[in-house]
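Here is a protein model to walk through together, in questions and answers. Let's have a look.

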Amino acid sequence: MLQRAYDAVVRNTKAFKEAVAQTLTELAHRGVTLAPATVEDVIEKNISTVAERLGIQTRSAWRYFDAAALADRLAQSQSSYEESSSEKGVGQAPMPPIDNPELALVLAGVPDSLAQTGGDLYAVIINVAVNAWMAGHIHGEDGCTGCDGSRGPAGHDWEARMRTITELQPNITKWFDRDVWTRAVNDAGYTVARR
């Protein structure tokens, strides 16, 4: 409850909206596309961190905000992640054959789930994701071309990947909130409407 109240204080300001718009513009100039919700999260975390570390109010922390510098950092982070993935020869997970019963079960579950939930797309996607995740664990990396040589003694560079994800999506747990997910879909220019 405190987090939601804090979100409203930071996000419902003119400074926040301007900062998001400026950062998205700067990213566009650099040829980088990120979801508005991702940029919002990073800005919110940066402003709250500055306010906390300097012992100042949130509204005073805006004087330290630099959209161009933030866009540079996000663009560099995105580029580093893409380069590290291609350099390590990250393999492509195998696609099961079209007649795979497990894949058929996951695909068939979508209309059933829509009917059972009354068209609740969030619940449908969670259902599909969980089933696909479990199928992926069962099938695993064993058939992943390119995975074997890149594992090394410690496996993939999990910590580097987690750092990148954390920087781009600092509040990962919030995505389990249906309203936050719906807002992000709407911000991306999509909506789901019944015919």
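**A walk through the model**

T182 has its place in helix α10, residues 178–187; helices here are DSSP runs of H or I with at least four residues, numbered from the N terminus. This is a predicted model, in which local features need pLDDT of at least 70 and side-chain atom pairs count only at pLDDT 80 or more, while totals for chains, interfaces and linings use all residues. Residues are numbered from 1 along each chain as its sequence is written, and side-chain values use heavy atoms, with hydrogens and water left out.

Q: What does T182 count as at 31% relative accessibility?
A: Buried means under 20% relative accessible area, exposed over 50%, and partly exposed in between, with a 1.4 Å probe and protein chains only. T182 has 31%, so this residue counts as partly exposed.

Q: How far apart in space are T182 and Y122, C-alpha to C-alpha?
A: In sequence, 60 residues separate T182 and Y122. In space, their C-alpha to C-alpha distance is 8.0 Å.

Q: How are the rings of F16 and W62 arranged?
A: Rings of Phe, Tyr and Trp (its six-membered ring) pair if their centres lie within 6.5 Å; planes under 30 degrees apart count as stacked, over 60 as edge-to-face and the rest as tilted. A search of the whole structure finds 2 aromatic pairs. For F16 and W62, the centres are 6.4 Å apart and the planes stand at 70°, so the pair is edge-to-face.

Q: How many residues apart in sequence are the parts that the F16 and W62 pair ties together?
A: F16 belongs to helix α2 (residues 14–29). W62 sits in the loop between α4 (58–61) and α5 (67–87), so the pair ties together parts whose separation in sequence is 46 residues.

Q: Which residues form one aromatic cluster?
A: The rings of W62 and F65 have centres 5.9 Å apart and planes at 70°, so this pair is edge-to-face. F16 counts as buried at 3% relative accessibility, W62 at 15% and F65 at 19%. The cluster is made up of F16, W62 and F65.

Q: Within what arc do the buried residues of α2 fall, seen down the axis?
A: The buried residues of α2 are F16, A19, V20, T23 and L27. They line one face of the helix, because the directions from the axis to their C-beta atoms fall within an arc of 100°.

Q: Which residues are exposed on the other side of α2?
A: Let's turn to that other side. The exposed residues there are K14, K17, A28 and H29.

Conventions: Helices (H or I, at least four residues) and strands (E, at least two) are DSSP runs, numbered from the N terminus.
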